[in-house]
Each structure stands twice: as structure tokens, then as C-alpha cells.
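Visitor: Could you walk me through this model and tell me what stands behind the words you use?
Guide: Gladly; let us look at it together.

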Amino acid sequence: MHVRTRFAPSPTGTLHLGSIRTALFCWLYARHHEGVFVLRIEDTDRERSTEENVQAIFDGLDWLGLGADEGPFFQTRRFERYGAVVKEWLEQGKAYHCYCTKGELDELRARQLANGEKVGYDGRCRDRQEPREGVDPVVRFRSPLDGEVIVSDQVRGTVVFDNAQLDDLIIARSDGTPTYNFTVVVDDFDMEITHVIRGDDHLNNTPRQINMFRALGAEPPAYAHLPMILGADGSKLSKRHGAVDIRDYRAQGYLPDAMLNYLVRLGWSHGDQEIFSVDEMVRLFDIADVNQSASAFNPEKLRWVNQQHIIAAPTARLGQELVPHLEALGLDLSSGPDPVQVAEAFHERAETLHQMAESARYCFEDFEAIDPTAVKKHLRPAILEPLKAVTEKLSSLADWSRESIAEAIEATAGSFEIKMGKLGQPIRVAVTGGGVSPPIDVTVQLVGRERTLARLNRALEIIEARREGQQQSGAS
């Protein structure tokens, strides 16, 4: 079988984590079997579907590299085809006009609830021959009244539905527009979809759709219903857990490969392996290995996975990815080091690219004040003379390289018979404004000659003022 999967989002909202995981599993299954991945936009809800949300879908899939082999197809451009199937089924007796009013259906539902009966349409128009004046009818599918629908779900196993529990669903509204369950079947049939991979909230739709496939004279595709993604507290995933526009994660500095890696592990595993490249995912993924139980979204785990991908990524690529995050902070990139150098220096410490950009801010702009705690601990009078000496050495360097900078600091520390760290940390505080940075030679090189010397001289002034204050306090 030539595998054909599809991702069919509705543009009534932007793509969130659950949707993206579904797209990923469909894409991986198609790639693993050298098949075809189809993108279909289910935009029949014209009131809620927007061009902005369509573009959000394209942007999210493009960022993650989940490119479609066919599509995008839009359901609103296929109304003629849906209408033709409705007409054919009416002629064949596989569908019928229903003239029940909303009031009558509400009354039916209320009576069923009061009597503890199965709630649903009772088929009262199944055999109606005459139209009802003044009522625009809907079209209902004539569902089988007996027998079973057996769903051999590739995740959940065998699930059996009794046809007697399924009512005759509406396939075309009174204005002629088609409904979701009907359009999905026609689309999957026409697009020759072999495997439908989707959330398990669609499982109850499956028996109805299988019956409609049989009405088309076709074998239904294989189904795989994915368990839900829950919040860390066990409740349904929502915006407060992270069910936001997938593009927000790009803005926060997550790498696309890391997002895919994290999402593939929400319900799928390969031994104890945690970190996967995209090629590894394609090679190893099988829908049969997806767990039946729901998975919990863990933002801390996502950050850890992202950090592993940042550490492993080529720094040339990281530098390119870092640029928009530096610019988002309002930094002038012409006033600082090459972003590739920044990525090389900071990639082992950052959980996100945004965090990396924030940490490297001092490489591109001056800061108003040094952290008071760091000043108290490291810019003490005892370090005044060594710091003066290293400032002079650095100012005389002909080559502003890591090697020359390291040599100047080491030589100064040796001449004062102090450990490298005793001098390196005050330099770090002076140059960065805080106590954490990459290795001191790397840091000083990134900050540059002019800024480094200016900041060291400011630190010397702080120390001298502190010493004078101590002397005056002692004299009094």
C-alpha cells in the first residue's frame, strides 16, 4: 500500500501543540513509509474561518519543516463536488430530506432526556415522500439500522459501535452547505487517504464516517486516534498550560527541531532515548508504538530538550536563528560581535534563543549599573592594583584575540601571585555587570576593546570610592 496521510486543520484558530503533534505524526508516518503527506484546510465554517488563521497554519508548518507533498486543498472550493454526492445519494436512497423544525427537534430531545432514552434524531422523515410547505429541508444520511461498525484502531485496538446507537446525521444544511463529517469522507475518498491519524476526540465520528465510505462503495482508510495532551495538573490542555499559537514558541526562542523532538515524545517512545534528530524520527517512528494513555505537557522538559538541541546545533545556524531575537531586544547588531560568535560563546548555557540574546545584551549595549551584590563581593579594594595592572595590559594589546586576552590576564594574576579566578571574576563583573558569563577570555573578546576598557575603568573608580569610604570610616 502506498501510504497517504493528511493533516486537516480548521482555520477557526491558530495551530496549538495538540494540532502540531497530529501534523507531526501524520508527516512522520508518511515519510517513514515514503508516502504522501496532504494538507487540507477545512474552512467550511465561514463565520469563524479567517485568512489570518490560514496564514498562521502555513507559517507554523513552514517553521517546523512539515511541508506538504500535496495541497493545500480548501473545502470551500469543493462545494460543487459535495453537492454532486448529496444529489447522487438522494437519488439512490442513501440520503433523504428532513423537514423537522428546530422546535420539533428540541421537543424530541427534551422528551428523550425526560424518559431516559437515547438522545438523537428518531428518523421520522426517513420514509417521507412529500415536501413540507414553508420549510427548507436539511439532508440526512440514511444510517444502517442494525449491525456493527468495527474500528481496527492502530492506537486503541478494536473498538465496536452498534449502528442502532447512531442516528441519521445531517450532511447538508437547509442552505445547502455541507457538514463536517460528510465533507471529511468525500475528501478522504477523493484524495485517496490511506491512514487517518487524528485526536481521539474524533473517535465517535469514525463509525458514521465508515458507514458513509461504504455508501460511496469504498473501503475506509485505516484509523489511528491519538490520546489527548493534558496540562501538568492533569486537566485539559489550555492557554494557561501552553496551548497557544505555535508561532509563540518561535518568538520565545525554541528551535523547530526541538519542538518536534518534544512533541514526538508526547505519546511515542523508542526505548529510553530522549533526544532525536528529525532523520531519526523519520527512521524510527511507527504509529503502532503510540501509547493509548494521555500525555502531560511539561514546560520544564520542553526547555531541557530545547537546550540539548541548542548545544548540539551548528553555531553558524544558531547565529542566524539568533539574529531576530537580538533585534527584538532593540539591539544594534552593527555595534557588537558577529551573532555566530555569540552563539558559539553562549550555546552551552542557554535554554532558549531569547534567553541567549538577553544574556548577550551587554555585548551590544552598555548597562547603567553593576549588580550591587557582585560589586560587594568582587569589586573590593584588595583587587584594585591587579585590576589596574590588567587594564593596562589589555589596553596595550595589539591583537584583541582570546589567546592574547587570556595571556594578559594569566600574566597579571601570576605577577600578583593570585589565582586566575581571583582576577577573572572581578573582570567579569566589571565587563558584564554581573557574575555569570562565558569564559572570561571569550567574554572580553566579545565585548570588544573599547567597551572592555571603559567598563574596567568604571570598576576601578567604584573600587577607589569604596576604599576611600572605608578609610574615612576607619579614621572616624
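**Terms and the values behind them**

Guide: In helix H17, the residues Leu423, Gly424, Gln425, Pro426, Ile427, Arg428, Val429, Ala430, Val431 and Thr432 are buried. The model is predicted, so local features need pLDDT of at least 70 and side-chain atom pairs pLDDT 80 or more, while totals for chains, interfaces and linings use all residues. Residues are numbered from 1 along each chain as its sequence is written, and side-chain values use heavy atoms, with hydrogens and water left out.

Visitor: What makes H17 mostly covered?
Guide: Buried means under 20% relative accessible area, exposed over 50% and partly exposed in between, with a 1.4 Å probe and protein chains only. In H17, 10 of the 13 residues are buried.

Visitor: Why is isoleucine 150 called partly exposed?
Guide: Its relative accessible area is 48%, so isoleucine 150 counts as partly exposed. Isoleucine 150 belongs to strand S6, residues 148–153. Helices (H or I, at least four residues) and strands (E, at least two) are DSSP runs, numbered from the N terminus.

Visitor: What does isoleucine 150 touch, not counting residues up to four places away in sequence?
Guide: Its partners are Thr158, Val159 and Val160, where contact means heavy atoms within 4.5 Å.

Visitor: What makes a set of residues a nonpolar core?
Guide: Such a core joins buried Ala, Val, Leu, Ile, Met, Phe, Trp, Tyr and Cys residues through side-chain atoms within 4.5 Å. The largest one has 101 residues, and Phe25, Ile287 and Ile427 have the most contacts inside it. Helix H1 (residues 17–32) gives the most to this core, with 10 residues.

Visitor: Which residues lie nearest the centre of the largest pocket?
Guide: They are His16, Gly18, Ser19, Asp201 and His202, among 40 lining residues. On a 1 Å grid over the protein atoms alone, a pocket is an open set of points where a 1.4 Å probe fits, with protein on both sides within 12 Å along at least five of seven lines; lining residues have an atom within 4 Å of a point. H1 gives the most to this lining, with five residues.
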